[in-house]
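Please look over the sequence and the model shown here. The briefing that follows is grouped by topic.

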Number of protein chains: 2
Amino acid sequence: MPQLNENFLKLEKNYLFINIAKKINAFKEKNPDADIIRMGIGDVTLPIAPVVIEAMKRGCDEMGAKETFRGYEDSGTGYDFLKDAISRYYASFGAEVKPSEIRINDGAKSDCGNIVDIFGNDNVVLITDPAYPVYVDSNLMCGRKIIYADSNEENGFAAMPDESVHADIIYLCSPNNPTGSVYTREQLEKWVAYAKKNNAVIIYDSAYEAFITDKEIPRSIFCIEGAKSCAIEMCSLSKTAGFTGMRCGYTVIPEELKFTASDGTEVSVAQLWGRRQGSKFNGVSYPVQCAAAAVFTDEGLAQIHENIAYYQENAHIIAETLNKLGVKFTGGVNSPYIWLKCPNNMKSWDFFDLLLEKIAVVGTPGAGFGKNGEGWFRLTAFGDRQRTIEAMKRLETLLA
Amino acid sequence: MPQLNENFLKLEKNYLFINIAKKINAFKEKNPDADIIRMGIGDVTLPIAPVVIEAMKRGCDEMGAKETFRGYEDSGTGYDFLKDAISRYYASFGAEVKPSEIRINDGAKSDCGNIVDIFGNDNVVLITDPAYPVYVDSNLMCGRKIIYADSNEENGFAAMPDESVHADIIYLCSPNNPTGSVYTREQLEKWVAYAKKNNAVIIYDSAYEAFITDKEIPRSIFCIEGAKSCAIEMCSLSKTAGFTGMRCGYTVIPEELKFTASDGTEVSVAQLWGRRQGSKFNGVSYPVQCAAAAVFTDEGLAQIHENIAYYQENAHIIAETLNKLGVKFTGGVNSPYIWLKCPNNMKSWDFFDLLLEKIAVVGTPGAGFGKNGEGWFRLTAFGDRQRTIEAMKRLETLLA
């Protein structure tokens with residue numbers, strides 16, 4: 001067989017959530033009657049909003065009639081009706097993003113993983129630790145040097161730049177996965193200033209922006225002045241509108257973002273990414289784009305906000321329980337995640353095993369997100385209300 | 001800005017079909033009333049079969065109800081109901097493919113482009129010329145050495161291996177895009193023998209298999225004995241069932257396919273690809289998978305065969321016209337493409353301009369597919385019947 005990409009051998013053998021799934025399956029085999037409550041993988045549980053389903057079904061009908069059938073998209077970057085809707089959505093929270101700067105994709109994970117393709121391999125990549133594993137793994141796969149910025153108890157799990165360290169590519173995520181922390185405007189301004197000083201690009205993951213309730217917290221990196229010359233943003237409808245099984249997201253690449261090639265010529269990042277996608281992607285299903293556009297109508301926004309409020313109440317219930325138990329945590333406000341310190345200085349995977357085996361509750365071990373995650377544990381608020389209450393009751397009994 | 005991936009600068013500035021779209025737009029601006037007939041990009045025109053639309057709408061309804069809502073897929077590789085259906089489909093034309101060897105994706109182009117990630121960059125890549133540009137571009141993007149096997153008039157545009165040349169990764173496509181040629185069983189046996197001798201892997205693009213009418217022509221590389229230890233196959237519902245705007249395809253990675261790492265350990269190709277996709281892909285929209293599964297039911301197959309027969313009749317009409325005009329061509333049988341020799345030794349792009357400007361018919365210049373494509377031109381049979389007839393009338397007037 002041909003030579004393989006040996007960078008893969010440096011990766012953990014399995015993606016974190018596949019490891020968790022295996023542990024759950026093993027537990028289920030031993031305990032077929034166990035009533036497992038899943039608060040591990042950040043997956044939603046409420047159905048898609050009615051107005052969104054109706055729009056998708058209309059899109060299906062269009063695909064079934066010759067006059068309205070749609071084949072390949074001309075651009076492969078998404079239909080204007082959806083880009084226009086997302087541009088207006090950005091404007092609603094103070095970020096100016098042109099429709100032409102938006103690229104529709106099949107979920108933030110795809111672009112977040114594939115964006116590495118357009119960068120050279122000698123760049124220094126800076127990732128906050130703990131972090132969503134995709135940032136680390138996609139860079140390890142192409143053999144890049146990664147440095148880490150520590151997010152920890154001392155800084156409220158909101159790493160800030162170290163002026164003495166140089167980076168070329170910076171991954172930030174706010175509201176943060178896994179820690180639930182959010183960056184303030186002032187903190188993001190410091191990151192933008194650092195990126196500009198280092199001639200670096202920020203890859204900003206805003207997948208959880210819809211959970212921000214505090215009006216002072218920016219919902220996009222493009223709420224920060226100057227970010228358009230140093231940042232790419234990735235967002236998704238997965239958490240905004242329950243699209244984890246529908247698959248639609250978007251990436252914003254500002255017009256003014258430019259590379260300088262080694263021969264001194266300027267190359268537009270958008271054009272380079274377009275060239276990448278032109279060869280390796282073919283756009284998003286038309287009915288899915290119809291569904292996505294319906295999310296951003298007044299009716300759609302009203303319906304998805306009901307779902308978000310439901311999850312926010314779950315987060316509140318989890319936070320109250322932890323407060324009562326005296327367990328430290330971040331998140332739970334402006335975020336669907338609760339990041340808790342394992343009691344009695346337990347290690348993350350030990351606490352995972354304890355919760356699974358004693359009370360059949362599944363969370364995510366913090367250690368799976370990086371070294372600073374050791375001793376911490378992630379719970380999600382995306383569950384069913386009654387199941388969330390039940391899980392907290394079990395937790396109280398276990399830890400009281 | 002960070003260092004860019006300078007391999008991109010070696011690429012043609014634009015993907016072929018984006019260049020064509022630009023030429024058409026310029027022509028339309030100058031000739032706003034022109035009645036353009038598009039036979040360029042290989043896009044379908046008939047609507048999706050009714051049974052498929054109904055299945056997709058049922059999938060939408062499931063996503064709208066709490067009891068049946070589906071979030072992330074556990075595996076991200078596709079639902080069993082679809083993999084089982086595709087496995088049975090393979091069996092119907094004599095290829096044994098297990099459901100566990102099938103990975104559902106958002107179209108063959110994605111996997112075909114992304115598969116390069118799991119290979120090292122020192123492999124020798126062999127691509128038949130002319131070829132679908134994605135094979136070349138995705139390898140140039142990671143800086144690999146590409147060698148070409150000539151497909152030309154002498155060999156009926158069906159390149160065969162040169163035993164004196166070594167290759168590690170071999171791209172084959174049958175029925176071929178762009179030439180419409182098909183490999184016989186004996187020819188594919190030779191390619192499999194060559195791959196085994198070279199310890200190479202074949203990446204086999206069978207996107208047009210549904211157009212094969214000749215029962216002697218294999219519809220999958222896995223109809224060939226021994227292929228499962230040396231081949232990966234990529235197929236799509238785009239041409240089989242008109243899914244160009246729906247986005248669903250599948251990749252087969254046989255269980256027995258293994259890499260040997262430099263330290264001598266064996267690594268399963270399926271596992272490596274799973275690790276790649278685990279970090280960079282999140283599965284296909286559930287309603288789209290419902291639609292895809294309906295394609296492979298008895299009713300679905302009956303309905304899509306009507307559409308395929310319609311396109312085959314278009315191909316026949318084009319072929320008859322070319323025969324009448326004394327224009328040489330390959331394809332048109334077992335294939336939706338007709339690959340014709342430009343009259344009067346014209347160059348491909350000159351013939352493209354002639355057809356666009358004189359008769360407002362759009363085809364694809366053969367030169368866009370590689371050096372052996374120069375002087376040749378691709379027409380597709382995916383158009384509307386009346387428009388195809390009209391295009392052929394115009395062509396007769398022009399060339400008579």
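**A buried methionine and its surroundings**

A:Met141 has a relative accessibility of 4% and therefore counts as buried; buried means under 20% relative accessible area, exposed over 50% and partly exposed in between, with a 1.4 Å probe and protein chains only. This is a predicted model, in which local features need pLDDT of at least 70 and side-chain atom pairs count only at pLDDT 80 or more, while totals for chains, interfaces and linings use all residues. Residues are numbered from 1 along each chain as its sequence is written, chains are lettered from A and ligands numbered from 1 in the order in which they are written, and side-chain values use heavy atoms, with hydrogens and water left out.

- A:Met141 lies in the loop between helix H5 (133–140) and strand S4 (145–150) of chain A; helices (H or I, at least four residues) and strands (E, at least two) are DSSP runs, numbered from the N terminus.
- Not counting residues up to four places away in sequence, A:Met141 touches A:Asn5, A:Asn7, A:Phe8 and A:Leu11, as well as B:Arg275, B:Arg276, B:Ser279 and B:Lys280; contact means heavy atoms within 4.5 Å.
- From A:Met141 to A:Gly156 the separation is 15 residues in sequence and 30 Å in space, C-alpha to C-alpha.

**The two chains**

- Chain A gives 89 residues to the contact and chain B gives 89 residues.
- Between them the chains bury about 7400 Å², 56% of it on carbon and sulfur atoms; buried area is the accessible area (1.4 Å probe) that two parts lose on being put together, summed over both.
- In chain A, the residues that lose the most area to chain B are A:Met1, A:Tyr72 and A:Arg275, together 12% of what that side buries.

**Strand S3 of chain B**

- Strand S3 (residues 124–129) of chain B is largely enclosed by the rest of the structure, because six of its six residues are buried.
- B:Val124, B:Leu126 and B:Thr128 point one way from S3(B), whereas B:Val125, B:Ile127 and B:Asp129 point the other way.
- In a regular strand the side chains alternate between the two faces of the sheet.
- S3(B) runs parallel to strand S4 (residues 145–150) of chain B and is joined to it by six bridges; two strands pair if DSSP finds at least two bridges between them.
- The bridge partner of B:Val124 in S4(B) is B:Lys145.
- S3(B) also pairs in the parallel sense with strand S5 (residues 169–173) of chain B, over three bridges, and there B:Ile127 has B:Tyr171 as its bridge partner.

**An antiparallel sheet in chain A**

- Four strands of chain A form an open sheet in the order S11-S12-S15-S14, with antiparallel pairing.
- Strand S11 (329–331) and strand S14 (364–365) are the edge strands, each pairing on one side only.
- A:Phe329 stands opposite A:Leu340 in S12(A).

**Cysteines**

- The structure holds zero disulfides over all chains; a disulfide is a pair of cysteine sulfur atoms within 2.5 Å.
- The closest cysteine sulfur to that of B:Cys112 is in B:Cys173, 8.6 Å away and too far for a bond.
- B:Cys112 is buried at 3% relative accessibility, and A:Cys342 is buried at 4%.
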